[in-house]
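Here are my notes on the model you sent. Please read them with the structure open.

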Amino acid sequence: MANVVALVGRSNVGKSTFFNRLIESRKAIMDGSVHTTRDRHYGYAQWGNRSFTVIDTGGYMCGTGHTFEHGIREQIQLALDEANLVLFMVDCLEGLTDADKDFAHLLRKINKPIFLVANKSESVMAAMVAPSFYALGLGTPFPIAAINGSGTGDLLDALLPYLKETSAIDAGPDQLPRFTILGRPNVGKSSFLNVLLDEKRSMVSPISGTTRDAIDTEYNRYNKKFILTDTAGIRKKSKVKDAIEFYSVLRAVKSMQDADICLIMIDAQHGIEAQDISLIALAHRYKKGMALVVNKWDLMDKEVTTAEAYRKHLLRKLAPLDYLPILFVSTVKKQRVYQTIEKALSVYQNKIKKIPTSELNKVLLPIIENNHPPAVKGKYIQIKYCTQVTAHAPTFAFFCNHPAYIQPNYKSYLVNQLRAHFNFEGVPVQVVFKKK
């Protein structure tokens, strides 16, 4: 990433609002409460012939005793280390504060271009406060209003000399596979991401709801390249009371919709619950590839519970959605974490696999000949041939004389035969019947 711009400042000055405006999408959660954003949040923006990566960060705080103070400051420091440019945002409505002064003192120590952004200057009275920020010693303040875009053009024009010329195609990630980590709160999704990346990409704590935004990260190691998304824990709808959690769940579901493969994570000690099965059913409805990741396997008593017995128990609970591969991992012990990615890539290949029509018919027509669809209302059903059609998930069209009379159990039989002969592990398979 040649051009990286970090948005920093104390809490509730409008960083996430400005981040969403720059990337032209509502990716970051915006809320009036403090410390809504906690992790680093990446997006891609373009201005003129310049493209750049934007990093949204949590609100800077010092000595407040807040639960996530250390974690948020650590994430801000990582963003500052990574950035080429820094946009320090302050609030015209509140004016100059001691927290702004403390953070400005920290920023003056870094040897990078810093732009002072005076946000919330949409009214004339608020705009008049902007010159007071000269006292921070960081140059001329740029009065903007992130809520409606006022003044952002002048600010972005000032950034252009510091941005290398790139094309819009070069800025964002390629059409890479997208893997999304999903599950209930506190099953270890963020820990799993951090182990894979070997860095503190997401904050980890025993407090439920630590992760809020859906965090995209580009993975590029060991000749493997894909987008990995950490999401907020998804609880039952009846238990979601907080507005921020509601929007966190919406973004988690949106990440599922955008994903190619969903890594559904459960806690080995708690086992699979109704909420996990609902999540798997939803991913199946969206035609996503899936793998079930059983985390905290190191805490299980291996003399009482073996992996094979646990696997059979899970498959019984999941039926008929029992085509998922199951992996037993420990993020604390770093056991089988990388095997999970190998399996996810394998499932992705199953999802995009195309079976030649000649091979399909060579394998399936003899099977159909030996086990014809049952006759209905005296009508003899004859399947002539089959072919794979273009779709989001493997879909096969069978051409026959009476497609309306095919029974659901025979449809399931054909799906099982396709799985048995062509390996569609982890992928929903559809069959449709057409008139011939």
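1. Is Tyr 219 buried or exposed? This is a predicted model, and in it Tyr 219 is buried, at a relative accessible area of 2%. That value falls under the 20% cut-off for buried residues. Phe 226 counts as buried too, with 0% relative accessibility.

2. Now the ring pairs. The model has 14 aromatic pairs. Tyr 219 and Phe 226 form a stacked pair, because their ring centres are 4.7 Å apart and their planes meet at 15°. Stacking here calls for planes under 30 degrees apart.

3. Phe 396 and Phe 424 pair in another way. Their centres lie 5.7 Å apart and the planes are at 65°, so this pair is edge-to-face. Phe 396 belongs to strand S14 (residues 395-400), while Phe 424 sits in the loop between helix H13 (408-422) and strand S15 (430-435); the pair therefore ties together parts 28 residues apart in sequence. Both Phe 396 and Phe 424 are buried.

4. Phe 424 also has a charge over its face. Lys 353 lies there, 4.8 Å from the ring centre. Look at Tyr 323 as well: the charged end of Arg 419 sits over its ring, at 4.3 Å from the centre.

5. Next, the nonpolar cores. The largest holds 29 residues, and Ile 280, Leu 292 and Val 294 touch the most other members. Elements giving two or more residues to this core are helices H8 (243-258), H9 (274-285) and H10 (307-318), with strands S10 (261-267), S11 (289-295) and S12 (326-328).

6. What does Ile 280 touch, leaving aside residues up to four places away in sequence? Its contacts are Ile 264, Ile 272, Met 290, Leu 292, Leu 318, Leu 321 and Leu 324. A second, separate core has 27 residues, including Ala 79, Phe 88, Leu 116 and Leu 136. Phe 88 also joins Tyr 60 and Phe 103 in a cluster linked by ring pairs.

7. Then the sheet. Six strands make an open sheet with mixed pairing, in the order S2-S3-S1-S4-S5-S6. Strands S2 (41-47) and S6 (142-143) are at the edges; each has a single partner strand, so one side of each lacks a neighbour in the sheet. S1 (residues 4-8) and S3 (residues 50-56) pair in the parallel sense, over four bridges. Leu 7 stands opposite Asp 56 in S3.

8. Helix H3 (residues 98-107) packs on this sheet. H3 touches S1, S4 (85-91) and S5 (114-119), and its direction makes about 170° with that of S4.

Technical notes:
Residues numbered from 1 in each chain as written. Predicted model: local features only at pLDDT ≥ 70, side-chain atom pairs only at ≥ 80, totals over all residues. Heavy atoms only, no water. Core = buried A, V, L, I, M, F, W, Y, C linked by side-chain atoms within 4.5 Å. Buried < 20%, exposed > 50% of the residue type's maximum accessible area, 1.4 Å probe, protein only. Contact = heavy atoms within 4.5 Å. Phe/Tyr/Trp six-rings, centres within 6.5 Å; stacked < 30°, edge-to-face > 60°. Lys NZ or Arg CZ within 6 Å of the ring centre and 35° of its normal. Pairing = 2+ DSSP bridges. Axes fitted to C-alpha atoms, helices over the stretch in contact; angles between N-to-C directions.
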